[in-house]
Amino acid sequence: MLADLFDPAFADSVARIAAPILLASLGGAICHRAGVFNIALEGFILMGAFAAVLGSFMLGHVFWGVLCAIVAGIFMGLLFAEFHLRRPGDAIVVSIALNLIGLGLTTYLLRSVLGVSGVFQNEAIGKIAEIKLPVIENLPFIGSFLSGQSILFYFAIFLVFFFHYIYSKHKIGFWMRAAGENPLALKTTGIKPTPVKLLALVLCGACCGLAGAQLSVSNVSLFVENMSAGRGWIAVVIVLVTNGRPIPLLGLVLLFGFVDSLSLRLQGFGFPQQFTEMMPYVASLIALIFVSIRRMKDLISMRGYDNG
């Protein structure tokens, strides 16, 4: 049974499931480090997925679709900035509004522009090409995970280490961390926190747009209403659990990809669909419980130290 479960196709599915969650989580982590409480990742991803399909279909090439997805994600980030940074509105209210806008607007445009409901599929959409890695693809199991993926998968892995470097070595990363942890200290250096937060929202939108493109024109070649299917919420959980740190974030994303892929496989072994579909969300709850317990212990130990 284990050999049937954990075969090369399973490793491939882990990478395909993890890629959009990783991109969205990295986007959410940027906002988190900059002190922007953004739980609108679901709406960002959905707009990116629809824009990728619409752009590919209308403009005739998947490259333009990916570019449209980035623009759509940045547009959502700018909307967030308008109503949270400039107005300013409550971040939670703005996030919920943008999630509803993402769902409602994509459903409306699917019907009014593309003339269909539910699913849009067409040969003109195209699909991002898969990249074969000559030596790595021959490795057992890991070869199927690393080879044969889209360029967005490899770009997401690159971004993990790139942002790790930015946060730890580059002044922009220091500005973002200061904007989130101590805005007053950032002001004393002559840097205003608001433009830094705006940059974080723009970068978050771009990452989430790419996450949507990975869903709609890489994993498949179509758009389905609400095809983000909770991935944005999982990304929010991952960001909160890892505190926006890129390396731990990558590990947790791969864990969720593993659980999600395993849940799909277990359906073929007769497990109830309701049970398998809840597995990724149960994993999210368990992760939140563990981090809550850890933070509570840290808080108790700090109080004990202060009393001592």
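Residues are numbered from 1 along each chain as its sequence is written. As this is a predicted model, local features need pLDDT of at least 70 and side-chain atom pairs count only at pLDDT 80 or more, while totals for chains, interfaces and linings use all residues; side-chain values use heavy atoms, with hydrogens and water left out.

**View 1. The largest pocket, with a volume of about 340 Å³.** A pocket here is an open set of points on a 1 Å grid over the protein atoms alone, with protein on both sides within 12 Å along at least five of seven lines; lining residues have an atom within 4 Å of a point. Points are joined across faces, edges and corners, and the volume is the space filled by probe spheres set on them. There are 16 lining residues, and Ile-17, Ala-229, Arg-231, Asp-260 and Leu-264 sit closest to the pocket centre. Two or more residues each come from helix 2 (8-33), helix 10 (193-219), helix 11 (231-242), helix 12 (246-267) and helix 13 (273-307). Helices are DSSP runs (H or I, at least four residues), numbered from the N terminus. Nonpolar covers Ala, Val, Leu, Ile, Met, Phe, Trp, Tyr, Cys and Pro, charged covers Asp, Glu, Lys and Arg, and the others, Gly among them, are polar.

**View 2. The second largest pocket, holding about 180 Å³ of space.** Phe-155, Phe-162, Tyr-167, Met-176 and Cys-207 are among the lining residues. Helix 7 (151-169), helix 8 (171-181) and helix 10 each give two or more of them, and helix 7 has the largest share with six. Twelve nonpolar residues make up this lining, with no polar and no charged ones.

**View 3. The largest cavity, at about 40 Å³.** A cavity is a set of grid points where a 1.4 Å probe fits but cannot get out, and the count of those of 30 Å³ or more comes to one. Its lining is Ala-18, Ala-19, Leu-22, Phe-145, Phe-153, Ile-157, Val-253 and Leu-254. Helix 2 gives the most, three residues, and helix 7 and helix 12 each supply at least two. By class, that's eight nonpolar, no polar and no charged.

**View 4. Tyr-165, a residue of helix 7.** Tyr-165 counts as partly exposed because its relative accessibility is 45%, between the cut-offs for buried (under 20%) and exposed (over 50%), using a 1.4 Å probe and protein chains only. Look for Pro-246 too: it is 81 residues from Tyr-165 along the chain, yet their C-alpha atoms are separated by 9.5 Å.
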